[in-house]
Each structure stands twice: as structure tokens, then as C-alpha cells.
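Student: I'd like a close look at one single part of this model, please. Take it slowly, and show me what surrounds it.

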Amino acid sequence: MPQLATGDMLRAAVAAGTDVGRRAKAAMDSGGLVTDDIVVAIIRDRIAAKDCARGFILDGFPRTIEQAKKLDEMLAKRGEKVDVVVSLEVPDSLLEKRICGRWVHKASGRSYHATLNPPKSLKACPGKQAKPKRMFDDETGEQLEQRSDDTKEALVTRLEAYHSQTKPILEHYSPVVAKIDAAKDMSEVWTAIEAVLPTREN
Ligand code: AMP
């Protein structure tokens with residue numbers, strides 16, 4: 001099932017220098033939200049593609065009540081609805097360590113952490129700090145990168161946006177929300193997610 005992450009799509013648009021990328025860049029750099037019109041248009045186009053006909057996973061969308069209502073409308077037109085909302089719950093106090101230690105392999109989306117999930121290249125240098133020269137993807141050997149908004153400063157704005165604009169959508173979808181304690185370690189979180197994902201026959 002395709003995973004559609006608006007953050008990844010916007011970062012690709014910024015990197016490609018498209019019109020959408022130029023309009024989204026300042027909000028993304030500061031940790032604020034991009035306008036509803038931009039992200040709704042991106043998702044509307046993407047879910048029309050053939051690979052989304054049997055369902056899809058949205059990551060980072062919707063992030064406002066307005067986006068949630070637009071999503072519901074788009075799905076209703078296809079005779080569909082949101083099956084489940086997976087809410088990964090982590091106390092704000094834990095997020096700084098998670099976010100500021102995150103390193104990603106851009107091409108595949110594989111995600112690492114300087115201490116919680118180091119790549120082999122860092123494990124081979126015991127006691128050494130995570131620096132670009134020691135951070136490479138396990139599968140391809142390519143360079144890992146840190147996101148420009150994975151900073152202590154931008155995190156403050158990102159959390160403000162989450163609490164004021166995104167959290168209310170949990171109420172909107174309350175009958176289908178599955179809360180997952182994501183403060184636990186990775187394997188436990190994954191087991192809990194698998195348990196709430198809908199299964200499809202055929
Ligand atoms: P993410 O990778 O999901 O953390 O998204 C990175 C950044 O992209 C966010 O901080 C926002 O600036 C922007 N963004 C991603 N998804 C959305 C969305 N659904 N609504 C508004 N802004 C978004």
C-alpha cells in the first residue's frame with residue numbers, strides 16, 4: 001500500500017525548485033505549517049494515481065481540521081472513508097532527543113538515530129560522535145543527512161502547531177483513532193501499529 005508523506009513531497013518540491021516548493025519553503029524552515037490549499041492539492045493529485053485505488057497510508061496529513069474535512073470530502077466522492085487514524089503518542093520532553101538525533105537516507109526514506117538506532121558506519125567507531133563523515137546508509141553506503149527543521153528551535157514551533165492545529169483532528173476522527181504509546185522502543189511500537197492496521201481480503 002503506498003505511503004504518502006506530505007513532508008517528503010514538499011521537501012522534494014523545495015529541492016526541485018518548483019512553484020509549490022518556493023511557496024512552502026519559508027513555513028517549512030521555521031517549523032510552521034504550509035497552507036491547507038497547497039497540501040490538499042498535492043494529496044488530491046496523488047490519490048488519483050492508479051496505485052492508490054486499493055487504499056493508501058497518509059503520513060503527516062491531515063494536520064488541520066480544514067485538511068481533515070477536505071480529505072473526508074475527497075474520500076466520500078470515491079465511496080471511501082478513513083479506516084483508522086494511528087496516533088503515535090510521545091511526550092514533548094522525549095521528542096527533542098528523537099528529533100535532534102535523527103539522520104535520514106533521502107532516497108529510500110530509511111531513518112536512523114545517532115544513539116537509538118545508529119547506522120553500521122557509526123557503530124564501527126565506538127565512542128565517536130555522529131558526524132557526516134561517519135553517517136552512511138546500511139544498505140547503499142550513501143550519505144545520511146539531517147533535516148534542516150530537525151533543530152531545537154524549529155521543534156518549539158512544530159510542537160506549537162501540533163498542539164493548536166493538529167491535535168483537534170483526533171477529536172474529529174475519534175471513532176477510528178488508535179492511540180499507540182510511541183515512547184516505547186521501536187519493536188514494541190511496530191507490534192502495536194501492526195495490531196491496529198486494517199486487514200484487507202483480496
Ligand atoms: P514532516 O516531514 O511531516 O514533519 O513535515 C515537514 C514540514 O512540512 C512541516 O513542518 C510543515 O511545514 C510541512 N507540512 C508537511 N505536511 C503538512 C501538512 N499536512 N500541512 C501543512 N504543512 C505540512
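Is aspartate 150 buried or exposed?

Tutor: Aspartate 150 is buried, because its relative accessible area is 6%; buried means under 20%, exposed over 50% and partly exposed in between, using a 1.4 Å probe and protein chains only. Before we go on, this is a predicted model, where local features need pLDDT of at least 70 and side-chain atom pairs count only at pLDDT 80 or more, while totals for chains, interfaces and linings use all residues. Residues are numbered from 1 along each chain as its sequence is written, and side-chain values use heavy atoms, with hydrogens and water left out.

Now find aspartate 150 in the loop between helix H6 (120-123) and helix H7 (152-166). (Helices are DSSP runs of H or I with at least four residues, numbered from the N terminus.) Its side chain makes a polar contact of 2.9 Å with the side chain of arginine 158. (That's a pair of N or O atoms within 3.5 Å; within protein, one must be able to donate a hydrogen and the other to accept it, and residues adjacent in sequence count only if both atoms are side-chain atoms.) Setting aside neighbours within four places in sequence, aspartate 150 is in contact with Ile99, Cys100, Arg102 and Arg158, where contact means heavy atoms within 4.5 Å.

So much for that loop; let's look at some other parts of the model. The largest nonpolar core has 23 residues, and Leu10, Val34 and Ile47 have the most contacts inside it. (A nonpolar core is a set of buried Ala, Val, Leu, Ile, Met, Phe, Trp, Tyr and Cys residues joined through side-chain atoms within 4.5 Å.) Helices H2 (19-30), H3 (36-47), H4 (65-77) and H8 (168-172) each give two or more residues to this core, and H3 provides the largest share, with 6. Beyond residues up to four places away in sequence, isoleucine 47 touches Leu4, Cys52, Phe56, Met74 and Arg78. There's also a second, separate core of 9 residues, with Leu95, Leu159, Ile180 and Val189 among them.

Finally, the ligand. A polar side-chain atom of threonine 6 sits 2.8 Å from one of the ligand's nitrogen atoms. For glycine 32, a backbone N or O atom is 2.6 Å from a ligand oxygen, and arginine 63 brings a polar side-chain atom to 3.0 Å from a ligand oxygen. Taken alone the ligand exposes 480 Å², and the protein buries 93% of that.

Methods: Accessible areas come from the Shrake-Rupley method with a 1.4 Å probe; for residues, only the protein chains shown count as cover.
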